Amino acid sequence: MRINVLLGLSVAAMLLAGCSTSRELSAAGQQVTFTDKQPASSCQLLGNVTGTQNNWFSGAGAEGSSLRGAANDLRNRAAEMGGNVIYGATSPTQNILSGFAPLDSKMSGQVYKCP
């Protein structure tokens, strides 16, 4: 009986730890840049993408830290699509619920592949 309880607690602890880590920037993601200027006509629009950072188990934490995780995820996803530029990145504003529960942080943008 004790072994089952200890095993259950160990699994729960690992799941919680996995959910609380911030997104790491991959090597390919490091090559992706943000811009607020419309990419040149020589750039190819690949699509829209959203990056997320789960804040549920880690708590609300510092807003900058959770947005950094969402930005890293966005850059990694853009790189997976073959893009190297993210244009018009936005993050939804917090609402009243986010003051009571640590919601996921999100960041969206258009992914381009530029020469």
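Two strands count as paired if DSSP finds at least two bridges between them, and the strands themselves are DSSP runs (E, at least two residues) numbered from the N terminus, just as helices are (H or I, at least four residues). Keep that in mind for the views below. We're looking at a predicted model, where local features need pLDDT of at least 70, side-chain atom pairs count only at pLDDT 80 or more, and totals for chains, interfaces and linings use all residues. Residues are numbered from 1 along each chain as its sequence is written, and side-chain values use heavy atoms, with hydrogens and water left out.

**View 1. The parallel pair, β1 and β3.**
Strand β1 and strand β3 (residues 85–90) run parallel and are joined by three bridges. Look for Phe-34, which sits in β1: its bridge partner in β3 is Ile-86. Along the sequence these two are 52 residues apart, yet their C-alpha atoms are 4.8 Å from each other in space.

**View 2. Who does Phe-34 touch?**
Phe-34 counts as partly exposed, with 38% relative accessibility (buried means under 20% relative accessible area, exposed over 50%, partly exposed in between, using a 1.4 Å probe and protein chains only). Leaving out residues up to four places away in sequence, Phe-34 touches Ala-71, Leu-74, Arg-75, Ile-86, Ala-89 and Met-107. Here a contact means heavy atoms within 4.5 Å.

As a bit of background, strands of a sheet pair through backbone hydrogen bonds, either parallel or antiparallel. In this sheet, β3 and β4 pair in the antiparallel sense over four bridges, while nine bridges join β2 to β4, also antiparallel.

**View 3. Two tyrosine rings.**
How many aromatic pairs does a search of the whole structure find? It finds one. The pair is Tyr-87 with Tyr-112, and it is edge-to-face: 6.4 Å centre to centre, with 75 degrees between the planes. Because Tyr-87 lies in strand β3 and Tyr-112 in strand β4 (residues 105–113), the pair ties together parts that are 25 residues apart in sequence. For the cut-offs, rings of Phe, Tyr and Trp (its six-membered ring) pair if their centres lie within 6.5 Å; planes under 30 degrees apart count as stacked, over 60 as edge-to-face and the rest as tilted. Tyr-112 is buried, at 7% relative accessibility.

Lys-113 belongs to strand β4, and Gln-44 stands opposite it. Is Lys-113 buried or partly exposed? At 47% relative accessibility, Lys-113 counts as partly exposed. Not counting residues up to four places away in sequence, Lys-113 touches Ser-42, Cys-43, Gln-44, Leu-46, Gly-82, Gly-83 and Asn-84. Ala-79 is 34 residues from Lys-113 in sequence, with 9.4 Å between their C-alpha atoms.

Side chains of opposite charge can pair when their charged atoms come close. A search of the whole structure finds one salt bridge, meaning a side-chain nitrogen of Lys or Arg within 4 Å of a carboxyl oxygen of Asp or Glu. The partners are Arg-77 and Asp-73, whose closest N and O atoms are 2.9 Å apart. Both sit in helix α2 (residues 63–80), and because they are four residues apart, about one helical turn separates them. Arg-77 is partly exposed at 34% relative accessibility, whereas Asp-73 is buried, with a relative accessible area of 6%.

The protein chain has two helices and four strands, and along the sequence they follow the pattern α-β-β-α-β-β. Of its 115 residues, 30% are buried.
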